[in-house]
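Here are some notes to read alongside the model. Please keep the 3D view open as you go through the points.

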Amino acid sequence: ACCSYRLRDALHPLWQSPLTIPGGTRQSPINIQWRDSVYDPFLKPLKISYDPTTCLHIWNNGYSFLVEFDDSADRSIIIGGPLENQYRLKQFHFHWGAVNDWGSEHTVDCKFYPAELHLVHWNAVEYLSFEEAVMEGNGLAVIGVFLKLGARHEGLQTLVDALPAVRHKDTVIEFDVFDPSCLLPSCPDYWTYAGSLTTPPLTESVTWIIKKKPIEVDEDQLEAFRTLLFTSHGEEERRMVDNFRPLQPLMDRTVRSSFR
Ligand SMILES: COc1ccc2c(ccc[n+]2C(=O)c2ccc(S(N)(=O)=O)cc2)c1
Ligand SMILES: [Zn+2]
């Protein structure tokens, strides 16, 4: 593999909690070795339908900034792909680096991207709440989208313009119309594997759907992410950068691809 796991048992500087789940067998993120992924012809196309008016607010939770959605009904959902059920959109957030050389959580053939978007959905068919679904093996589905340095992303800019208002941890602003579909690449190709949350509680409840193609954002937009803070008002400022978890061992898992 392309990475050492010596860090696995260390305390993570960001979370002051063990980086590993004792007995964890399906931890995330992982390196996706393209040639080891297995094409699965039975994988369906992923169907995504988001209602932009379900957008609620943006907030800084001290790990990332999240855009949260009203998940009290089946208005913003995904279905198909590797999923047995329909999943409801709860929130999306990003992970990024201090510099453009790293920042994504997943890697492809050991290559880091400067940032990674996570669209977090929960199985509202089988479970009554997000909190319940977080604890179940098929509870969550997260779509991962890599961000690469390139042209300015107009859809992302509306988010970037709001970031100064959530610079400190535990600050929130209303954000009432946003269509996250604009952040998805047009190419339908994806990899999928069984994994976990990449921040505490690190529960092994995520079906990961990682889009093969990245979206392009420009330097100013990445720099705007790096102006956020891990710290609250009044605390000594610590810039919110490098909020990604180290790679975890693949163990007995296969990454499937929706494309040849
Ligand atoms: C039961 O207590 C919880 C549950 C979930 C929590 C959380 C704190 C932060 C994020 N979450 C999340 O929901 C969460 C964490 C990580 C991810 S990730 N980066 O997409 O794997 C998605 C969502 C606490
Ligand atoms: Zn994430």
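1. Start at the ligand. A nitrogen atom of ligand 1 sits 3.3 Å from an N or O atom in the side chain of H93. H95 has a side-chain N or O atom 3.3 Å from a nitrogen atom of ligand 1, and for H118 a polar side-chain atom is 3.4 Å from a nitrogen atom of ligand 1. On its own, ligand 1 has 520 Å² of accessible area, and the protein covers 76% of that (Shrake-Rupley method, 1.4 Å probe).

2. A word on what you're looking at. This is a predicted model, in which local features need pLDDT of at least 70, side-chain atom pairs count only at pLDDT 80 or more, and totals for chains, interfaces and linings use all residues; side-chain values use heavy atoms, with hydrogens and water left out. Residues are numbered from 1 along each chain as its sequence is written, while chains are lettered from A and ligands numbered from 1 in the order in which they are written.

3. Now the rest of the shell. There are 15 residues around ligand 1, and H93, H95, F130, T198 and T199 come nearest (a residue is near if one of its heavy atoms lies within 4 Å). By type, the shell has eight nonpolar residues, six polar and one charged. β7 and β9 each supply at least two shell residues, and β7 gives the most, with three (strands are DSSP E runs of at least two residues, helices H or I runs of at least four, numbered from the N terminus).

4. Then look at the packing. The largest nonpolar core has 43 residues, and F65, F92, F94, W96, I143, L159 and F225 are those with the most contacts inside it (a core is a set of buried Ala, Val, Leu, Ile, Met, Phe, Trp, Tyr and Cys residues joined through side-chain atoms within 4.5 Å; buried means under 20% relative accessible area, with a 1.4 Å probe and protein chains only). β7 turns up here too, giving the most to this core with five residues. Apart from that core lies another, of 22 residues, with V120, F130, A133 and L197 among them.

5. What does F92 touch? Its partners include F65, L117, L159 and F178, leaving out residues up to four places away in sequence (contact means heavy atoms within 4.5 Å).

6. Last, S76, in the loop between β5 and β6. S76 is buried, at 2% relative accessible area. Its side chain makes a polar contact with that of T54, at 2.9 Å.

Definitions and conventions. Buried < 20%, exposed > 50% of the residue type's maximum accessible area, 1.4 Å probe, protein only. Polar contact = N/O pair within 3.5 Å; in protein donor to acceptor, adjacent residues only side chain to side chain. Nonpolar A, V, L, I, M, F, W, Y, C, P; charged D, E, K, R; others polar.
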